[in-house]
Amino acid sequence: MVAISHAATALLVKRRYPDAPMGWILFAAELPGIAWVLLRLSGAEGPGIGMPYSHSVVSIALVAAAVWLLVGCLLRRRALGGAAALAIVLHLVLDLLLHAQALPLAPFGEVHLGLGLSGTPPLAIAAAMAYGLLCWLAFRGGKALLVVIILLTMAQLTFSGPLLLDIAVAVAAVWYFSRARAAELEHPSRRLARAFA
């Protein structure tokens, strides 16, 4: 259940960009994983091929830059553009630490990067747990959110279901248990506008 680590990233990003909607931050944090599932279903990525498009350093950097330019500059939603771009980049950083196989620098390139901690499950779980706790502490989340992060991180030891289910559970849990704190972080005028919407 690796998606909980990416979903926890949204907590860090929300703390940095309090007025960016949490749902969009969560989506951006999981975007490379969602892209991988779609590319795997199409046959463009998967066993024997790896993840040359969805998880290469260059691809993720280009997607993050494109999101920032489109949302932050063209649509003039600077907080959302910055939050989404940061969430996408942090997905890559976490995968470089935890992913079982090294990630390509560029699609179908020869150079691969990463620590590959997933090859040693206890070490990977410890690193994922430490990361989740760091995100929770920075966000100053509640006890229920902490329990969710711990339980879903521990579930990585035994759960090997479909990635989209993994992503959906992690996103829904983090969104639900972070709602009150996320609202507290928002600018008062944004909270007032939402109350009358």
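1. Glu184 and Arg181 are joined by a salt bridge, with 3.1 Å between the closest N and O atoms. This is a predicted model. The two residues both belong to helix α7 and sit three residues apart, about one turn of the helix. An α-helix has 3.6 residues a turn, so residues three or four places apart point the same way. Arg181, at 17% relative accessibility, counts as buried because the limit is under 20%.

2. The count of salt bridges is two. The other pair is Glu186 with Lys14, whose side chains meet at 3.3 Å, N to O. Glu186 is in the loop between α7 and α8 (188-195) and Lys14 is in helix α1, so this pair ties together parts that are 172 residues apart in sequence. Both Glu186 and Lys14 are buried.

3. Helix α2 covers residues 22-42, which is 21 residues. At 1.5 Å a residue the helix should span 30 Å, and the distance of 29 Å between its end C-alpha atoms therefore agrees. Just after α2, Gly43 has a positive phi of about 90°.

4. Which parts of the model do the buried residues of α2 pack against? The partners are α1 (3-16), α3 (57-74), α4 (78-98), α5 (121-139) and α7 (163-185). The buried residues of α2 include Met22, Ile25, Leu26, Ala28 and Ala29. Glu30 and Pro32 are also among the buried residues of this helix, as are Trp36 and Val37.

5. Leu90 is placed in helix α4. Leaving out residues up to four places away in sequence, Leu90 touches Thr9 and Val13. Between Leu90 and Ala28 there are 62 residues in sequence and 9.9 Å in space, C-alpha to C-alpha.

6. Leu69 belongs to helix α3. Its relative accessibility is 45%, so Leu69 counts as partly exposed. Leu69 and Pro122 are 53 residues apart in sequence, and their C-alpha atoms are 39 Å apart in space.

7. Two residues deserve a look at their backbone angles. Most residues other than glycine have a negative phi. Arg76 is not a glycine, yet has a positive phi of about 55°. Arg76 is in the loop between α3 and α4, and at 70% relative accessibility Arg76 counts as exposed. Phe108, also not a glycine, has a positive phi of about 55°. The place of Phe108 is in the loop between β1 and β2; with a relative accessible area of 54%, Phe108 is exposed.

8. The surface carries a nonpolar patch made of Val58, Leu62, Leu105, Val111 and Leu113. Together these residues have about 390 Å² of accessible area. One of them, Leu105, is in the loop between β1 (103-104) and β2 (112-113). Leu105 has 35% relative accessibility and so counts as partly exposed.

How values were computed: Residues numbered from 1 in each chain as written. Predicted model: local features only at pLDDT ≥ 70, side-chain atom pairs only at ≥ 80, totals over all residues. Heavy atoms only, no water. Helix = DSSP H or I, 4+ residues; strand = E, 2+ residues; numbered from the N terminus. Expected span 1.5 Å × (residues − 1). Buried < 20%, exposed > 50% of the residue type's maximum accessible area, 1.4 Å probe, protein only. Contact = heavy atoms within 4.5 Å. Patch = residues over 30% accessible without salt bridge, like charges linked within 9 Å, V, L, I, M, F, W, Y side chains within 5 Å. Areas by Shrake-Rupley, 256 points an atom, 1.4 Å probe, with all protein chains shown as cover. Salt bridge = Lys/Arg side-chain N within 4 Å of Asp/Glu carboxyl O.
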